[in-house]
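Hello,

Here is the structure I promised to pass on.

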Amino acid sequence: MQPARRQPIQPPDWMQALEHALEGAWPRPDQGPPPFGVWLDDGHPPTKQIERVPSVQRVERAGVSVTAGPALLSLAAVALWAVGVGRVNLRGVNDLGLASVLPLPVLAAPVMATAGFVWTLSQRPPRRSMLLLHVVALVVMLYGMNAMVEPVPGPNIVWRHAGIADYIARTGAIDPTIDAYFNWPGFFTLTAFLSGAAGLGSIASMAAWAPVFFNLLYLGPLLLLFRRLASDWRLVWLAVWLFYVTNWIHQDYLAPQALSYFLYLLILGILVGWFGTDRAAVRFAPAGVPRRPRSPATPRAVQSLSLDAVRPQEGPFQRAGLMVIVIVLFAAAVPSHQLTPFAILAGVTALVVFGRCSARGLPWLMVVMLVAWITFLSAGYLAGHLSELSGNVGQVDTIAAANVGNRLRGSAGHQLIVYIRLAVTALLWGLAVLGWLRRRRHGQDNMTVTLLAVAPFPFLVLQPYGGELLLRVYFFSLPFIALLAAGLFLPVKGAAASWRAAGAIGLAVVVLLGGFLFARYGNERIEHFTTEELVAVRHLYEIAPPGSLLLAATPDLPWKFQDYASYDYRTVASLKSSSESRGGDLVKPVLGIMRQYRRPGAYFIVTRSNRADTEARGILPPGSLDRLEQALRRSSTVQLVYANQDARIYALRAVGR
Amino acid sequence: MTERTLAWPAVMTGSAILVALVAFVLPLEPARPVLVVPFLLICPGMALVRRFRLAEGWLEFLLAIGVSVAVDTLLATAMAYAGVWSPRLLLAVLVWLSLIAGIEELIRRLAT
């Protein structure tokens with residue numbers, strides 16, 4: 001029985017005007033399936049569009065410059081970037097972040113690469129090797145910035161992760177009572193194993209280039225996902241480009257979530273690719289467009305994939321193997337990160353509930369695996385933190401305050417960075433909404449992309465996740481939001497776009513690039529560390545006996561990378577609540593807690609990054625850290641035991657101990 | 001038989017032998033990370049993914065990385081929980097797994 005056809009929604013006038021502004025005569029690819037799914041069945045675009053397509057010969061006459069020009073642009077961009085980035089002086093960074101000290105060549109380089117990318121995108125057919133070259137160049141330039149300018153890898157959490165992996169490597173044990181990380185230790189056992197097997201020593205040595213590594217790792221699953229959701233390779237690569245210029249949230253450092261995100265993308269890519277169905281797509285096909293006849297030799301699930309997707313050819317044996325792979329990938333995600341397995345579950349459940357995935361039993365299996373882990377291997381942690389984890393369910397005000405409101409404080413520069421992050425997010429989401437409308441206007445199947453884009457959002461009403469949940473939701477939905485946003489620029493009528501559309505792509509990407517540099521590197525003053533700071537922390541470990549109190553002004557310093565469980569780590573910021581009742585006086589709570597550790601010892605460290613953190617984010621009252629240090633120097637119970645350009649260490653005096 | 005079908009089993013076999021050499025026989029410390037890390041990120045997964053005879057080479061490579069990461073994570077975590085933590089033992093297991101899978105496929109392909 002034929003399902004009832006739904007007429008495409010009539011767009012508002014402004015949508016038509018926008019579309020007319022972007023439409024043009026960008027040729028469709030000569031090879032591969034028709035772009036963006038408008039030629040649903042016969043593979044022929046409307047005649048009018050064929051007339052506007054320039055001939056292949058004309059493009060061929062353009063000669064070597066068509067291929068070499070864009071490639072040279074990207075290579076020149078990388079060279080320019082490498083030269084410019086070597087001149088960056090981190091001492092001059094202010095609260096606007098790294099962008100405040102980047103020389104002009106470094107700012108211009110990604111724009112040049114974008115020009116090369118858009119140039120390649122406009123060629124017929126798009127040269128995928130060239131597109132790959134552009135993307136790799138962009139990733140190196142955008143995500144290799146830290147590695148090129150910072151003498152010591154950051155942020156501080158990288159050093160903590162190195163300490164956890166070091167603990168497991170040395171003891172071979174997982175003690176879930178230490179902290180939450182030991183209840184989801186998968187990533188740390190992996191890194192401990194890798195460093196042990198390869199003889200690498202501390203994993204901190206791998207941290208500098210981790211963002212480049214992880215972002216290149218994401219490229220494969222992104223291409224897998226996007227090519228299943230859109231057959232036009234230009235759309236696929238534009239979505240990839242938008243993903244990389246908007247992935248500013250910095251969750252790709254050496255961390256469990258960075259690796260789990262790869263598993264997240266890969267699982268969804270396999271499920272959408274080989275287990276996807278397109279019931280809704282058939283229903284929403286525009287009137288008058290004949291449907292593709294089903295081949296009796298093609299399995300139903302494969303046949304019914306999204307109408308504009310590249311269709312896989314694998315048979316039942318391969319599909320069974322792919323399901324085994326999905327289960328193995330999820331099994332690795334469960335012990336590796338608290339949140340990512342739930343994001344995977346949300347995405348898969350959404351696909352199954354809305355008839356977009358034929359693996360109907362998979363969500364149940366995932367629930368069983370998650371419950372088993374929580375029940376048997378992280379029960380201790382959850383029992384002790386249940387009220388903390390469940391106490392904010394449904395409290396949208398509290399969660400919004402933790403994720404947005406509490407971040408809008410600190411110095412004027414830092415607040416501007418937060419506003420830029422919000423603006424970049426709003427811009428991208430706005431482009432995605434327009435892309436969604438434009439696809440919908442042309443009877444495109446938005447359902448799978450939309451489901452995966454919105455599936456993480458319900459997490460926002462569950463708990464604040466330390467004020468980071470909005471960032472994580474943004475991250476999980478980003479690939480699909482990027483694909484929808486790309487759909488705005490590449491027309492859905494086959495003949496892709498005019499020079500106006502190319503200009504619009506370039507303009508949007510340049511604006512997003514500008515936002516990226518501020519949004520991603522806006523905390524650089526806080527998050528980068530100098531060699532002197534690392535030397536001071538190493539000295540701290542040399543002089544502090546195990547069991548000592550190690551007290552820092554704020555958490556932003558490169559510590560916890562060794563003897564993770566041998567010290568009691570505290571921060572003055574965590575003592576702030578007790579000091580607030582004393583009008584911001586930090587001396588009494590600091591001396592009070594240090595006196596509790598007369599044996600074996602108590603040490604207080606203040607670093608340059610601590611000061612930057614205090615000033616930029618307003619964690620401690622203005623001037624309170626200076627007053628604290630002045631008081632400690634005058635104190636008879638504390639003495640300065642180490643000082644260099646960027647750090648000072650105070651210890652309880654031996655006399656009187 | 002195509003070159004591609006023989007390339008991966010040859011790579012798995014060769015890299016397993018090289019990794020075994022630098023990790024267990026010859027103390028070539030500078031070469032160890034260069035050989036061991038890529039091996040652990042590709043070969044254990046490739047040993048499994050090759051069984052499924054997927055149509056596209058790049059997909060096979062992508063899935064091999066994912067499965068390698070997953071297998072390494074699961075086995076390392078299981079060892080830590082079981083109290084038998086030994087990176088060298090786990091590396092030896094994965095070297096054997098890759099070696100057997102690579103040699104088996106080489107023999108099977110050459111025999112046909």
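To follow the notes, take two residues as in contact if their C-beta atoms, placed from the backbone, lie within 7 Å. Helices (H or I, at least four residues) and strands (E, at least two) are DSSP runs, numbered from the N terminus. This is a predicted model, where local features need pLDDT of at least 70 and side-chain atom pairs count only at pLDDT 80 or more, while totals for chains, interfaces and linings use all residues. Residues are numbered from 1 along each chain as its sequence is written, and chains are lettered from A and ligands numbered from 1 in the order in which they are written.

Chain A has 29 helices and five strands. Of its 657 residues, 53% are buried (20 or more other C-beta atoms within 10 Å of the residue's own; exposed means 12 or fewer, partly exposed in between, with C-beta atoms placed from the backbone).

One helix to look at is H25(A), residues 531–543. Its buried residues are Glu533(A), Leu534(A), Ala536(A), Val537(A) and Leu540(A). They lie on the same side of H25(A) because they cover an arc of only 160° around the axis, taken from the directions from the helix axis to the C-beta atoms. On the other side, Thr531(A) and Glu542(A) are exposed. The cover over the buried residues of H25(A) includes strands E1 (549–552) and E3 (602–607) and helix H28 (608–617) of chain A.

Finally, where the chains meet, the contact takes 32 residues from chain A and 30 from chain B. H3(B) gives the most to chain B's side, with 14 residues.

Best wishes

Definitions and conventions
Expected span 1.5 Å × (residues − 1).
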